[in-house]
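Me: I would like to go through a model in questions and answers. Which conventions apply before we start?

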Amino acid sequence: MSGARPSYDSGTALLVVDVQNDFADPAGSLAVADGAAVIPVLAAEIAAARAAGALIAYSQDWHPDVTPHFAKDGGTWPAHCVMQTWGAELHPDLPVFGHVVRKGSNGEDGYSAFTMRDPQTGAMIETELHALLRRRSIARVVVGGLATDYCVVETALDAIRLGYETCVLRDAVRAVDLLPGDGDRALARLRAAGVTLVGRLADAGPGDSGARQSKGAA
Ligand code: VGL
Ligand code: ZN
């Protein structure tokens, strides 16, 4: 699976990570710079995946009002993706054809669509995603969404750790970049772990015009 576009078949799953209003809409509480730009790219991938009979799964960050994930409760983040609120909804422009996997509903912490951490015991808990992919005999996963340096990187690292051939769509991810360069460092971690990066757009920073760059696909 290399080159500018992944190929889809019934053994491949497209994982659309956290394309929710709080991340993708500029008015969201944890808005990712240029986050909505992933939507048309993902829409094309979703269409290609559907046409080829691939599985499509969407993850949704789905937090209670009070969770150690939020700064006000001892964690890192402003409140975001609180279940049953506008911010937690998948972005209205995202075509949704497939399973939605919610994570964090019981106050678990973490970023991956595959695993969550119990804040009391520190134990890792699986979401239903791995079982779903196994049930469908999925061997390869293609990942895009938000944000590169949190949920995308952790989801893709879990995928390769679980034995899936894993590729990340560079044109369909954007980073939080709490520290400048976090998104690029996440891509480097992915490459080092054996994840294939496809597409050509570098992780666009605020000063980037959004023009395609020819840094070359990894
Ligand atoms: C995410 C920060 C906090 C993400 C989720 O989806 O990347 N980032 N919760
Ligand atoms: Zn979150």
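Reply: A polar contact is a pair of N or O atoms within 3.5 Å; within protein, one must be able to donate a hydrogen and the other to accept it, and residues adjacent in sequence count only if both atoms are side-chain atoms. This is a predicted model, where local features need pLDDT of at least 70 and side-chain atom pairs count only at pLDDT 80 or more, while totals for chains, interfaces and linings use all residues. Residues are numbered from 1 along each chain as its sequence is written, chains are lettered from A and ligands numbered from 1 in the order in which they are written, and side-chain values use heavy atoms, leaving out hydrogens and water.

Me: What share of the accessible area of ligand 1 does the protein cover?

Reply: Backbone N or O atoms of Ala147 and of Cys151 each lie 3.0 Å from an oxygen atom of ligand 1. Accessible areas come from the Shrake-Rupley method with a 1.4 Å probe, and for residues only the protein chains shown count as cover. Of the 260 Å² that ligand 1 has on its own, the protein covers 100%.

Me: Which spacing do the donors of the zinc ion (ligand 2) follow along the chain?

Reply: Donors are N, O and S atoms within 2.8 Å of the metal (3.2 Å for Na, K and Ca); water is not among the atoms, so sites may look incomplete. Asp61 (OD), His63 (NE2), His69 (NE2) and His80 (NE2) donate to the zinc ion from 2.0 to 2.3 Å. Along the chain, the spacing of these donors is D-x1-H-x5-H-x10-H.

Me: Is His63 buried or exposed?

Reply: Buried means under 20% relative accessible area, exposed over 50%, and partly exposed in between (1.4 Å probe, protein chains only). His69 is buried. His63, too, is buried.

Me: Which residue of S6 is the bridge partner of Leu14?

Reply: Helices (H or I, at least four residues) and strands (E, at least two) are DSSP runs, numbered from the N terminus. Leu14 belongs to one side of S1, with Thr12 and Val16, and both faces of S1 are covered. S1 and S6 pair in the parallel sense over 6 bridges (pairing needs at least two DSSP bridges). In S6, Leu14 is bridged to Val142.

Me: Why is helix H4 largely enclosed by the rest of the structure?

Reply: The buried residues of H4 pack against strands including S1, S3 and S7, and against helix H5 (contact: heavy atoms within 4.5 Å). Among these buried residues are Tyr150, Cys151 and Leu157. H4 spans residues 148-161 and is largely enclosed because the number buried, out of 14 residues, is 11.
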